[in-house]
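Dear colleague,

Please find below the structure that I am handing over to you.

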Amino acid sequence: MKITTIGLDIAKSVFHFVGVNKAGKLVKKKMIKRKDLIHFFAQVEPSLVVMEACGGANYWAREFQKVGHEVKLIAPQYVIPYRPGNKNDYNDALAIAEAAQRANMRFVQPKPVEQQDVQMLHRMRERLNKQSTALVNQVRGMLAEYGIVIAKSKAAFRKAFPDILSDENNELTVKGRYIFNQLHEEFTDIEKRLKSCDTQIVEERNTNPVCLRIETSPGIGPVTSTAFYAAVGEGKDFSNGRHFSAWCGLVPRQHSSGGKDNLLGISKRGNAYLRTLFIHGARAVLQHCGGKQDRLSRWAYALAERKGFNKACVAVANKLARITWAIAAREDEYRTFA
């Protein structure tokens with residue numbers, strides 16, 4: 001019988017292939033080594049290939065598309081309910097194929113290599129930021145043991161730390177001063193690498209029409225616009241702005257029963273990095289909306305007065321996410337309404 005859907009459980013060295021027909025019946029299963037995978041799929045009649053959205057999936061998606069297959073990715077949490085029996089590689093592959101045949105299944109669009117490059121840049125920047133924060137906190141804690149206190153911010157640390165190292169009247173010993181000098185060199189190196197990441201992000205923004213359109217929206221800068229592109233491209237996989245903001249975790253969590261709707265705080269699902277950037281952008285909008293007469297600023301100011309700054313930040317972030325999706329997906333620009 002003809003194979004219409006292929007479930008592939010991917011791994012580092014050994015892959016498990018399951019082919020099912022239109023009725024969902026198992027036609028063929030096979031264990032394939034990594035070096036033979038592309039050659040094997042080149043011999044298979046073009047079909048729908050489905051994998052879990054995990055490490056390496058985007059690469060394999062691009063390779064399978066080159067040999068004529070249609071490829072879809074599924075979030076792993078949607079596959080688990082369809083697994084028959086105990087967990088093993090063949091059952092995982094069969095569950096992937098079964099889940100792909102559901103009419104209401106949600107899929108993840110494979111990323112092109114250009115998006116992966118920008119995503120990798122953002123992940124490196126995020127890691128460096130965390131390292132920098134951890135280093136500052138560690139040094140502040142160690143300095144406190146010598147009776148030296150620095151204010152809680154990177155700007156204060158950047159300004160005060162060199163003066164502390166050059167001050168010969170404080171409690172630092174020769175050995176302690178040498179160790180702190182090494183920590184200062186490490187901090188300086190991280191700062192240089194962070195600046196390099198920011199420079200690359202601006203360069204990407206300047207050559208990317210999607211990012212340039214997105215930045216016409218208030219509260220959106222190079223970091224947020226390139227992070228949006230890295231995550232969803234033009235955003236056309238989402239049917240509307242609310243679906244995108246829900247994917248960012250910016251819509252209310254629901255716990256309803258018996259026909260009674262009960263909305264809680266935001267769901268915090270999906271892309272936490274992008275959600276954080278939208279909330280930072282919303283803070284900037286709220287801090288500068290006083291006295292402005294455009295519709296968004298007046299709405300944001302009234303909301304902050306009514307609900308408080310923090311709740312208004314989340315609501316404005318939700319609004320910015322929807323605006324950003326509309327600009328990207330509809331190839332439009334932000335227009336101010338009075």
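**Findings in the predicted model**

In the hairpin of E2 and E3, 5 residues lie between the strands, and Gly24 adopts a positive phi near 90°. Strands E2 (residues 14–20) and E3 (residues 26–33) run antiparallel and are joined by 7 bridges; two strands are taken to pair if DSSP finds at least two bridges between them. His16 has Met31 as its bridge partner in E3. Helices (H or I, at least four residues) and strands (E, at least two) are DSSP runs, numbered from the N terminus.

This is a predicted model, in which local features need pLDDT of at least 70 and side-chain atom pairs count only at pLDDT 80 or more, while totals for chains, interfaces and linings use all residues. Residues are numbered from 1 along each chain as its sequence is written, and side-chain values use heavy atoms, with hydrogens and water left out.

An unreviewed UniProt entry annotates residues 6–146 as "domain: Transposase IS110-like N-terminal"; such annotations may be inferred rather than shown by experiment, and their positions follow the numbering used here, with feature names shortened. Over residues 6–146 the chain is 43% helix and 21% strand, with the end C-alpha atoms 64 Å apart. The UniProt entry, unreviewed, also lists "domain: Transposase IS116/IS110/IS902 C-terminal" for residues 213–288. There the chain is 47% helix and 9% strand, and the end C-alpha atoms are 21 Å apart.

The largest nonpolar core has 58 residues, and those with the most contacts inside it are Leu143, Phe244, Leu274 and Phe278. The elements that each supply at least two residues of this core include H4, helix H6 (174–207) and helix H12 (309–329). H12 gives the largest share, 10 residues. Such a core is a set of buried Ala, Val, Leu, Ile, Met, Phe, Trp, Tyr and Cys residues joined through side-chain atoms within 4.5 Å. Buried means under 20% relative accessible area, exposed over 50%, and partly exposed in between (1.4 Å probe, protein chains only).

Arg253 is found in strand E6. Arg253 counts as partly exposed because its relative accessibility is 40%. Between Arg253 and Ser267, which are 14 residues apart in sequence, the C-alpha to C-alpha distance is 4.5 Å.

With kind regards
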